[in-house]
Amino acid sequence: MRNGEVSRVFRTIADMLEIKGESHFRINAYRRAAQAIDDLPDHLDDRLRENSLLAIPGIGKDLAAKITELLTTGKLSYFQSLQAEIPLSLIQLMSIPGIGPGTARVLQEYQITDVDELERLARAQQLRQLPRIKKKTEENILRGIELFRGGLVRRPLGRVLPLAVGILEALREQGYLTRASLAGSIRRFRDTVKDIDILGVSSDPARTVEVFESLPGVTETLASGSTRISIRLDSGLQVDLRLVDEDEFGAALCYFTGSKEHNVRLRELAIKQGMKLNEYGLFRENERLAGRSEEDVYRLLGLSYIPPELRENRGEIEAALNGELPCLVTSKDIRGDLHVHSIFSDGHNDLEQIARKALGLGLEWVGICDHSVSLQIAGGLSVDRLREKLRAVREFNERSPDIKLLCGAEVDIDRSGNLDYPDEVLSELDLVVAAVHTSFRLEEAQMTSRIVRALKNPYVHVFAHPTGRLLGEREPYQVDLPLIIAAAARNGKALEINGSFQRLDLNDVHCRAAKEAGVKLSIGSDAHRVEQMDDLFLGVTVARRGWLKASDVLNTMSYRELTHYLKDSSMQPDRTH
Ligand code: DGT
Ligand code: CA
């Protein structure tokens, strides 16, 4: 049994316990364990053999016994007994937007566990007659079912990417695929994706299709042919696999990576040069000029190679024709994370643990930014505690030659634009990241001037998650971003690309606008647990989609360069007058 199957069982158990209304402590224990398993670099089977399951963070005796049972018998009796109470079909309903654990609990009470039945009741306006289901909930559920059915639910990239990589690996492990790649929006690292597209060349297509159909979590085969097959996973997510000939792989990869708008422009370009481009190759008359590799296709069209992240028809084709594509920042250029929470506020890990994780990621420094005093709910630090933290960071740095920490704060901006610590306190910090966490409903003008005012503070370095969006959960607040970008440029402030999978904020388009206005970008994972520091690299995908070069991003500086930069920028006179 693969790691991903074990973590899936644990996640489902967590959903089941949530429907049952069990304690958050238990629910989170399963979710945490699932995450820890997904983050493991090695196989659980090996761990079991070496007797080292207990060394996995978050895995105690009870969970280790459950993993052992799963690995040795392929089943888990506890999970089966839960299924007797809560059918898996009910868990599947929870992937319909608008159905959370509360609603699922009501549906369970009335034994509604099937999408068709749910839809029938909602259409007949009978759902709203159940306790705790309002008219609005019913309407949301109907809309959710439509999205679910049409496969139109867009999901955060950070949720789908690990799954997609797991599926690709599982297919590769069978040994029939001679070439394989993700395609579509997920290969372009778009912030949300509709489905997973996979392209491959197989030495035994029939066998590959069989393996694909029997992957763990597959509930349905939507279309099955010898070269194209679509499945649905229990989360409702659709996965498409296309098998092509070796000679066509590059052209097909180019076609199925898209975007559609990029493809249309490429085809026009081919026609202008007397050629024809489709998913089988680049042709002149009937002669195939290119097809095996994407590089050949771009080269023969007279273009430099366009990285998938840029293929959105946003000027990349013109730039490639003129040899003016930017040399995009890569994960290897990244030397630090500018936004991590520690146990000083609402984070779960101490300075040592954060540093160790950072070293594992190949980083040289980390900005530890805990919440400020008035954000009580997130353990905001009093000035005394903040000074304690300053001392702890200084001490840490003295004994740590290979990784350095910056003592920062994520400082709240109140509704009038005041910062949550006095200037003399801010001036003691290495890094000041300002953010909006309250009064989200202000009108645009007021929201904008509140932020612009905060950006005039000489001690602020970065404005965090500039629009406040949460993918699939919360729309951005009303704010005039061009004005914020201009204010950041005027005051020498950086804007954040928050890499948390739920945020990815700024997005690609705004991040490019910021760069064009001369603003530097600061990538932060906003991790509250060390595992979440991996999201730093999701932030890098946004930076690449935003056409950023290494020099546009603060994270590419060495510790020395960064500390000098931050000191200099706080000493700059206010340039707004
Ligand atoms: P998504 O799935 O909405 O997140 O975004 P994509 O880009 O993955 O879109 P999808 O899955 O519908 O199609 C995958 C790729 O296939 C797409 O990026 C480009 C290509 N493609 C699909 N339909 C067409 C089409 O009608 N014309 C052209 N030129 N390309 C298409
Ligand atoms: Ca797609």
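**Exercise 1. Glutamine 125**

Task: Decide whether glutamine 125 is buried, partly exposed or exposed in this predicted model.

Solution: 
- Start with the number. The relative accessibility of glutamine 125 is 42%.
- Recall the cut-offs. Buried means under 20%, exposed means over 50%, and partly exposed lies in between.
- Conclude. Glutamine 125 therefore counts as partly exposed.
- Glutamine 125 sits in the loop between α8 (115-123) and α9 (135-149).
- Check the backbone. Glutamine 125 is not a glycine, yet its phi is positive, about 55°.

**Exercise 2. The helices on either side of that loop**

Task: Describe how α8 and α9 pack, and list what makes the contact.

Solution: 
- Take the geometry. The angle between α8 and α9 is about 140°, and their axes are 10 Å apart.
- Classify the angle. Over 145 degrees would count as roughly antiparallel, and 65 to 115 as roughly perpendicular. α8 and α9 are therefore oblique to each other.
- The crossing of α8 past α9 is left-handed.
- List the residues. α8 brings Val115, Asp116, Leu118, Glu119, Leu121, Ala122 and Arg123 to the contact, while α9 brings Glu138, Ile141, Leu142, Ile145, Glu146, Phe148 and Arg149.
- Sort them by class. The contact of α8 with α9 has eight nonpolar residues, six charged and no polar.

**Exercise 3. Helix α1 against α4**

Task: Find the angle, the hand and the residues of the packing between α1 and α4.

Solution: 
- Locate the pair. α1 covers residues 3-20 and α4 covers residues 61-73.
- Read the packing. Their angle is about 125°, with the axes 11 Å apart. α1 is therefore oblique to α4.
- α1 passes α4 in a right-handed crossing.
- Name the partners. From α1 come Val6, Val9 and Phe10; they meet Leu63, Lys66, Ile67, Leu70 and Leu71 of α4.
- Sort them. Seven residues of the contact of α1 with α4 are nonpolar, one is charged and none is polar.

**Exercise 4. Helix α17 against α18**

Solution: 
- α17 crosses α18 in a right-handed way.
- Name the partners. Leu351, Glu352 and Ala355 in α17 touch Ala392, Val393, Phe396 and Arg399 in α18.
- Sort them. This contact of α17 with α18 has five nonpolar and two charged residues, and no polar ones.

**Exercise 5. A helix under cover**

Task: Explain why α23 counts as largely enclosed, and say what covers it.

Solution: 
- Count. α23 spans residues 536-545, and nine of its 10 residues are buried.
- Conclude. α23 is therefore largely enclosed by the rest of the structure.
- Name the buried residues. They are Leu536, Leu538, Gly539, Val540, Thr541, Val542, Ala543, Arg544 and Arg545.
- Look for the cover. The elements over the buried residues of α23 include α10 (157-173), β11 (336-340), β16, α22 and β17 (521-524).
- Step past the end. Just after α23, tryptophan 547 has a positive phi of about 65°.

**Exercise 6. Helix α20**

Task: Compare the span of α20 with the expected value, then name its buried residues.

Solution: 
- Compare. α20 (residues 444-455) has 12 residues and reaches 16 Å from first C-alpha to last, close to the 16 Å expected.
- List. Met447, Thr448, Arg450, Ile451, Val452, Ala454 and Leu455 of α20 are buried.
- Find the cover. β15 (462-463) and α21 (481-491) are among the elements over them.

**Exercise 7. Backbone features in loops**

Solution: 
- Take serine 259. Serine 259 lies in the loop between α13 (249-257) and α14 (260-272).
- Take leucine 506. Leucine 506 lies in the loop between β16 (494-498) and α22 (508-516).
- Take glutamate 285. Glutamate 285 lies in the loop between β9 (281-284) and β10 (287-290). At 73% relative accessibility, glutamate 285 counts as exposed.

Key. Residues numbered from 1 in each chain as written. Chains lettered and ligands numbered in written order. Predicted model: local features only at pLDDT ≥ 70, side-chain atom pairs only at ≥ 80, totals over all residues. Heavy atoms only, no water. Axes fitted to C-alpha atoms, helices over the stretch in contact; angles between N-to-C directions. Helix = DSSP H or I, 4+ residues; strand = E, 2+ residues; numbered from the N terminus. Parallel < 35°, antiparallel > 145°, perpendicular 65-115°, else oblique. Left-handed = near helix turned anticlockwise from the far one by under 90°. Contact = heavy atoms within 4.5 Å. Nonpolar A, V, L, I, M, F, W, Y, C, P; charged D, E, K, R; others polar. Expected span 1.5 Å × (residues − 1). Buried < 20%, exposed > 50% of the residue type's maximum accessible area, 1.4 Å probe, protein only.
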